[in-house]
Amino acid sequence: MSKLSAEAIEKRLLHFPDWDYYDDAIHAEFEFDNFKDCFSAMSRIAFECEALNHHPDWSNTYNVLTISLSTHSANGVTEKDFKLAEAIEAIVEPEDEDA
């Protein structure tokens with residue numbers, strides 16, 4: 001998978017308002033009500049990571065999850081990172097089912 005240009009990344013990020021691009025990776029931080037909810041989201045994300053065979057650099061402190069995505073073999077951001085970001089977004093910010 002080839003590394004995306006900075007321009008392509010910035011264009012794609014228009015659809016991912018919670019994410020920023022710097023240091024050859026896309027980054028996001030999500031806050032939950034408590035540690036349990038944060039850890040639960042991390043567990044659900046872990047299953048998506050395994051399904052996509054792509055894994056984030058991430059950490060959590062109490063109720064805050066910090067995620068950094070890049071494709072190490074490409075030395076930067078690829079389409080794989082955006083696929084994982086999309087899956088993460090669906091988990092941490094599910095669409096309102098009543099809408």
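Predicted model: local features only at pLDDT ≥ 70, side-chain atom pairs only at ≥ 80, totals over all residues.
## Nonpolar core

The largest nonpolar core holds 23 residues. Trp19, Ile26 and Ile88 touch the most other members. Five elements each supply at least two residues of this core: helix H1 (6–13), strand S2 (25–31), helix H2 (35–52), strand S4 (64–69) and helix H3 (79–92). H3 gives the most, with 6 residues.

Take Ile88. Leaving aside residues up to four places away in sequence, Ile88 touches Trp19, Phe30, Ile45, Ile67 and Leu69. As a general point, nonpolar side chains in soluble globular proteins tend to be buried together.

Strand S1 spans residues 19–22 and pairs with S2. The pairing is antiparallel and runs over 4 bridges. Tyr22 stands opposite Ala25 in S2. The hairpin has 2 residues between its strands. Asp23 takes a positive phi there, near 55°.

## Leu65 in strand S4

Leu65 lies in strand S4. Its relative accessible area is 0%, so Leu65 is buried. Beyond residues up to four places away in sequence, Leu65 touches Ala28, Glu29, Phe30, Phe32, Cys38, Met42, Ile45, Trp58, Ser59 and Asn60.

Leu65 and Ala41 are 24 residues apart in sequence. In space, their C-alpha atoms are 8.9 Å apart.

## Thr78 in a loop

Thr78 is found in the loop between S4 and H3. Is this threonine, Thr78, buried or exposed? Thr78 counts as buried, because its relative accessibility is 0%.

The side chain of Thr78 makes a polar contact with the side chain of Thr71, at 2.6 Å. Thr71 is also among the residues that Thr78 touches, once those up to four places away in sequence are set aside.

## Cysteines

How many disulfides does the count come to? The count comes to 0. The sulfur of Cys38 has its closest cysteine sulfur in Cys49, 14 Å away, so the two are too far apart for a bond. The cut-off for a disulfide is a pair of sulfur atoms within 2.5 Å. Cys49 is likewise in no disulfide, with the sulfur of Cys38 as its nearest cysteine sulfur.

Both side chains belong to buried residues. Cys38 counts as buried because its relative accessibility is 0%. Cys49 counts as buried at 2% relative accessibility. Cys38 is also one of the residues that Leu65 touches.

Notes. Residues numbered from 1 in each chain as written. Heavy atoms only, no water. Core = buried A, V, L, I, M, F, W, Y, C linked by side-chain atoms within 4.5 Å. Buried < 20%, exposed > 50% of the residue type's maximum accessible area, 1.4 Å probe, protein only. Contact = heavy atoms within 4.5 Å. Pairing = 2+ DSSP bridges. Polar contact = N/O pair within 3.5 Å; in protein donor to acceptor, adjacent residues only side chain to side chain.
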